[in-house]
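Let's take a walk through this model, one stop at a time. Have the sequence and the 3D view open as you read.

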Amino acid sequence: MNAPAERRADVVLIVDDVPDNLAVLHDTLDESGYTVLVATDGPSALERALRARPDVILLDAMMPGMDGFEVARRLKADARTAAIPIIFMTGLTETEHVVAAFAAGGTDYVTKPIRAREVIARITAHSLAAREQQQARNALDAFGHATLMVRMHDGRIVWQTSLARQMLEQHFVFDGRRAPVEVLSWLQRETVRHAGLDEGPVPGSPSLVLEASLSGRRLRFTLHEAAGDGQWLLVLREADDAAALEALALAFALTPREAEALYWVARGKTNRDIGEIVGASPATVKKHLEHVYEKLGVETRNAAAALAVARVPQIGR
């Protein structure tokens, strides 16, 4: 019987321009079974992080040249390193510096002089959480889900499955780092709409349907759940409404634009929402709906929606 394979040691990257100051921490981590890497400046830290993909980065905030805040921002801006937890090491305890550390993408911070055992406890917690998140992402990838995590305050994609990246690249001008502007605008509206709720946007929030700028096909973005720290999980799929639109047009002798307007009314959208989806003004949408009501023999949008769902049941699913 083969012996079980040993799990690789967690890799910790320590970034400090005076590494001798952290000799005790380095030795304690090494004795605790961690693989320890060291970088002494910002550029080498970025290069080493990209090459080694450490499990956790201990980052000195104040360094000459490129400081720790800038290093963190660059790490978080690169999808290949964005998910690595960053623990800032700083002698600065003023609120503005702590805020700057978290704004730059820090997960946690410890103050100097460093207490090695405290740091190890923080590393253990954050590396475990990161590993569990990675396993979840791997599972989503394995099952072919197009899923991405978006950081609200700057629109950065914290992580994405390979299918999500592929779909965004096919349908939008996409650099792999920032969510499309239309998606961010919708996400911000949803956040405001649910501002009174402790959990923010919740599962079941309205989906966003966009007409992709490159392919002309529609994509549906659904807010699945909040991930904390201003990050939101989105599920992406191609909208399958062509058959429903055709059925509405045939059932009620509608033009393509009238069928679109009725379809989205039946999906609970306002005239403004419909205009954003189909690329028309609310006034134009209103005019289309007037024709729809006349053809259906109804006077209100609720009556039109009910008749549409009764005739084309898949609309309500």
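Predicted model: local features only at pLDDT ≥ 70, side-chain atom pairs only at ≥ 80, totals over all residues.

An unreviewed UniProt entry lists D60 under "modified residue: 4-aspartylphosphate". In the model, D60 sits in strand β3, which covers residues 56-60. Is D60 buried or exposed? Its relative accessible area is 4%, so D60 counts as buried. Leaving aside residues up to four places away in sequence, D60 is in contact with V15, D16, D17, G68, M89 and K112.

Next, have a look at helix α2, residues 42-52. Its buried residues are G42, A45, L46 and A49. These four span an arc of only 100° around the axis, so they sit on the same side of α2. Turn to the other side of the helix and you find P43 and R51 exposed. What do the buried residues of α2 pack against? Their partners are β1 (11-15), β2 (35-39), β3 and α3 (68-77).

Now move to strand β4, residues 86-90. Five of its five residues are buried, so the strand is mostly covered. In a regular strand, side chains alternate between the two faces of the sheet. You can follow that pattern here: I86, F88 and T90 point one way, while I87 and M89 point the other way, and all of them are buried. M89 is also one of the residues that D60 touches.

How does β4 connect with the strands around it? With β3 it runs parallel, joined by four bridges, and I57 has I86 as its bridge partner in β4. To get from β3 to β4 the chain passes through α3, and this β-α-β crossover is right-handed. Strand β5 (residues 108-111) also runs parallel to β4, again with four bridges between the two. There, I87 stands opposite D108.

Side chains of opposite charge can pair when their charged atoms come close. How many salt bridges does a search of the whole structure find? The count is 14. One of them joins R122 to D108, with their closest N and O atoms 3.1 Å apart. This pair links distant parts of the chain, as R122 is in helix α5 (residues 116-142) and D108 in strand β5, 14 residues apart. R122 is partly exposed, at 25% relative accessible area. D108, at 15%, falls under the 20% cut-off and so counts as buried.

R165 and E169 both lie in α6 (residues 162-171), four residues apart, or about one turn. Their closest N and O atoms are 3.0 Å apart. R165 is partly exposed at 31%, and E169 is partly exposed at 40%.

The last pair is E258 and K295, whose closest N and O atoms are 2.7 Å apart. Here again distant parts of the chain are linked: E258 is in helix α9 (residues 256-266) and K295 in helix α11 (residues 282-296), 37 residues apart. E258 is buried, with a relative accessible area of 5%, whereas K295 is partly exposed at 40%. Finally, salt bridges that share partners tie D108, R115, E118 and R122 into one network.

Technical notes
Residues numbered from 1 in each chain as written. Heavy atoms only, no water. UniProt positions renumbered as here; feature names shortened; annotations may be inferred. Buried < 20%, exposed > 50% of the residue type's maximum accessible area, 1.4 Å probe, protein only. Contact = heavy atoms within 4.5 Å. Arc of directions from axis to C-beta. Pairing = 2+ DSSP bridges. Right-handed = clockwise from strand over helix to strand, strands pointing away. Salt bridge = Lys/Arg side-chain N within 4 Å of Asp/Glu carboxyl O.
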